Structure formats: C-alpha cells, structure tokens
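Subject: Structure for your review

Hello,

The structure is below, followed by notes on what was found in it. Please read the notes with the model open.

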Amino acid sequence: MPNSNVTVCVRFRPLSHKERKGNDDKVCFKKLDSESFVFKDERDEDVIFSFDKVFYDDSEQSDVYNFLAMPIVTDAVNGINGTIITYGQTGAGKTYSMEGPSILHCNELKTGLVQRVVNGLFECLRTSANITTWTVKLSMVEIYLEKVRDLLDLSKDNLQIKESKSQGIFISGATEISIMNGSDALEHLSEGIANRAVGETQMNLASSRSHCLYIFSVQHGSTTDERVRAGKIILVDLAGSEKVEKTGAEGRVLDEAKMINKSLSALGNVINALTTAKPNHVPYRDSKLTRILQDSLVCQKILQDFQTSSFVSFSYCLQGGSSRAALLCCCSPSSSNSPESLSTIRFGTRTKLIKTLHKLIPTEVDSAKKYTPYSRDQDDLPDGTLSKAGSSQSEASDPSFDSGDHDSLRERLLSKLRLSLKEEDIDLLEELFVLEGIIFDPDSVVLDIDSACHDAASRQIASLVQAVEELTETVQELTDENETLRHQLEVAQEIAARAQCAAADRSGGALFGFVPAAVLRLVGFMPD
C-alpha cells in the first residue's frame, strides 16, 4: 500500500501597517528559493529550513491552491480522503488563506482555499468522462471551548465524536447539506461562517476563537462499471496560538485563549508521538481536535510493525486511520513576531516526518440497485459491504460447508474485489482473509500457536488500553469534583466558625458592659 510524506508548506504574509510602523519593514527571514529560506533562531544563528513549497509575501491565493489543494481535490474524486490544515500564530493569515477576505464578496484573485476547493470538486465531476451521477454534501462544525458545535444548526452545540469500522472517526449528528453547485455551496458556507465564534484582540480585530472544520463528502457513479466511489475533504482552519501579553486577552477571551493553546499543545504532542522512533502511545484522545484528525495522521511506524509480522497494526490501517494530508504553516514576517514564527516553522518541520497511507474507498453497488444521485446515504454503502462480509465469514466458519463451498465462496469474494482493486492488492487481501478466517484456503498452512496468541494478546491489550484511558478520564473528573467539594466545605466551616466567634463576642461584650467592674473582679472575670 503506497505511502507519502505529509505535504508541508510555509506562507509568509505581507507586513501589516502596525508592523511597518513599529519595526521599519524589518523581516525575520531571508529568501533562498521556492522551497528554502534562512531564519534566525533564538541564539541569533542562521538556520536553513526547507519545505515542499514556500509562499512568500508576493504569492497569490491561486498559487497556494494549485500546489497544495488541487491534488487533494483530484484524489478525493478518485476515492482518497484528504485533509488540509492551516496552522500558525493568531493574525498570521490562516483564515485569509482559507476563506479570503470574504466567502461571498471578493475578487477572483483573493478567493480562498474553501471556494477554490468547491469549484475544483464540481469541475472534476463535470469534466470526467466516466462520471455520470454524483452527490456532494457539506458539513461545517467548530470546536469551541472543547465542544463540537454544528455551524449549520446552532441547536446542536455538543456533538459527539465516534468511531466505526466503516466510517473511521466521524462526528455523529452533524448536519449534512447536499450542494448542487459552487454558488449553492458558498451560500451555505456563508451562513456557517457567520455563526462562528470570533473576538477582538490587540493582534487581530476579528480573531477566530475556535477551530473550524469544513467537510465535503463526494460520491459518484461510473459509466464503466457499477461501482460507486466515495471521498472526503476536510479543511481545518485552526485558531491561532496566543501570548496573552501580546493579545491583551482577559475575561472570556482569556478563557478561550487557554482552551485554544491547550488543544494546539495536544496536537503538538500527537505530532511528537508520531515522529518518535518508538512511540508507545499516541494521545489522540487528549483533545477533540486531535481525536477528529486521528484518521488524517498515521505514523509510518504502523507499516514498520507490519513488516515485522504485526498483523493487528496493519489491520488497523485497513479499517481506518489513513488519508492524504497537507499542512500550511502561516507566519508573520515581522521580527517582532520572530519567536512565534520560529515555533510555527519547527512544528511544520516535525510534521514533515509523518508518513500517511492513502485510503482508497471503493464501494460496489449491487447490480439490482442502480445509483441515484441525491438519494443514497453515503454511510449505507460501507455498512452494506460489511454486512456481506460478516455473512460470508459466518458461512466460511460453518463446518457444514465442504471444501467445494469454501472454494466457491472465496472465488466469489475475490472476483467482486477485482472489479475495484489492483491484482497485487487482491493477493494481499486474500492472505489477510485467510489469516482472519474470513475465507478458507485448502493449500494454506495452519498458523503456529505463538502467532495466534500474539494476535489475540495484541487485541486484548488494545482494548485494555482504551478502557484504562476512559477510566483515567473518569477518575480525573471525580478527583476534580471531590477537590471542589472539599474546598467548598472548608469555606463553609470557616464561615461558620467566624459566625460563632462573632456571636460570642457580641454576647460577652453585652454581659461585661452591663455588670459593674467591681462585681466582675469579685467573681474572677477581670484581672486586678
């Protein structure tokens, strides 16, 4: 199965008026070529950084789309999922790169990635000679204060992230709107963007206070056979990392900044874990952002595990957790923002070390059921395929079947798979099916006991690790709740003690003030 690096690009926006006024056009980098530049690190030493592409301040929006996004759009139409992420400091140009100055009203030169991806999708579908019918659906959500909100239906303000074998990681209950053309898509996108959380800081008058995800699902039929291909593109406009001393955030804006920085730190931890030589655990569940992006970030370590006969790891790759991914690191060129830009550049360098698996999603439609655009739910297709596989597995494991039935079953499955996969992929799948017991190969040898025990133990360990993570989260929540209750009890006890002292003082003062001092001396209440 092919693999490739994550495509990582850096974009330097032009200097702002405020930066020009305070730093006299001084920039923090030196251009070398279209892929490399020199940047001074914290020790004031020149460091050369190289990426797949560097977009300098004179680059156009179309340059970013043509290099970064167009290949992903083409792949999505061919059934390979894709993700594009914009990352960087607040005010560095992430939202401008994604949406342009306006999603609806801007000239063609300034049109952002979102609009160009929409137009590119429909253009590919219309111009393909083999595609006759298609559907394109749009979902739009934001992660705000660690809650997933539906921007196309504000009543859904706490959507849940779930995982299935057929869909991988998905957002349960998110609104999906069928879009007929580019203009239709932009109208819905405009409504969603208007619902997004924004706020004013000293660095940005319209700072994004949430991570925004634009999700395009495409499904189409072909004239050459009865297959239906399904692909997905996720565009992720991350909220910018912030330093409070620069943004002047306070109150609710400060709370938003803390949650933004926390989720971005979680993303950095995931990247570090994926690029470590021997990662023991990848903390995808530490934030909603990393959980949603889990399928977009797959470590090459998984392939290495398979090469050393770890079947469980490779099985996971087939079930989900693979896509083509691209990262656009947006930076300020100003020397006043040099530390933040250097941090962004190093994040991109680290991300470049990740390997991804291309996830091809072919789906076959039964010959009795014809594909109808704007009517079939995309999720029904993989489920139906799985149900067939499940019934085949039960048949294959039934001892009443003789070897002839097993051979017939195997050939039926493989002949259907040959319609949508290459021959070498079929050979690999046949080996996997035999190992899993889905089909029976009379010529195959029985797996040794040690290998079978290893597979079973690995599955059990994975299950236990997940259970421990969930229990750890529950324990942490209970611990926090217990700490809060203990603090409230201490405050209440302190208030009660002060009230008792105050009451005693009032009663004692009244007594001593009423009884003559000579009497008090006689009974010993006052010292001589």
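**Helix α11**

Helices here are DSSP runs of H or I with at least four residues, strands are runs of E with at least two, and both are numbered from the N terminus. The expected span of a helix is 1.5 Å times one less than its number of residues. For the 14 residues of α11 (residues 338-351) that gives 20 Å, and the end C-alpha atoms are 20 Å apart, which agrees.

**Basis**

This is a predicted model, in which local features need pLDDT of at least 70 and side-chain atom pairs count only at pLDDT 80 or more, while totals for chains, interfaces and linings use all residues. Residues are numbered from 1 along each chain as its sequence is written, and side-chain values use heavy atoms, with hydrogens and water left out.

**Sheet β3-β4-β5**

Three strands form an open sheet in the order β3-β4-β5, with antiparallel pairing; two strands pair if DSSP finds at least two bridges between them. β3 (29-31) and β5 (46-50) are the edge strands, each with a single partner, so one side of each has no neighbour in the sheet. From one strand to the next the twist averages 25°. Axes are lines fitted to C-alpha atoms, for helices over the stretch in contact, and angles run from 0 to 180 degrees between N-to-C directions.

Three bridges join β3 to β4 (residues 36-40) in the antiparallel sense. Lysine 30 lies opposite valine 38 in β4. α11 packs on this sheet and touches β4 and β5, its direction making about 135° with that of β4. Contact means heavy atoms within 4.5 Å.

**Cores**

A nonpolar core is a set of buried Ala, Val, Leu, Ile, Met, Phe, Trp, Tyr and Cys residues joined through side-chain atoms within 4.5 Å. The largest has 46 residues, of which Phe12 and Phe37 touch the most other members. Helix α7 (residues 252-274) contributes the most to this core, with six residues. Beyond its neighbours within four places in sequence, phenylalanine 12 has contacts that include Phe29, Phe37, Cys331 and Ile345. Another core lies apart from it, with 40 residues, among them Ile103, Leu121, Leu125 and Trp134.

**Whole chain**

The chain has 16 helices and 19 strands. Of its 528 residues, 42% are buried.

Regards

Definitions and conventions: Buried < 20%, exposed > 50% of the residue type's maximum accessible area, 1.4 Å probe, protein only.
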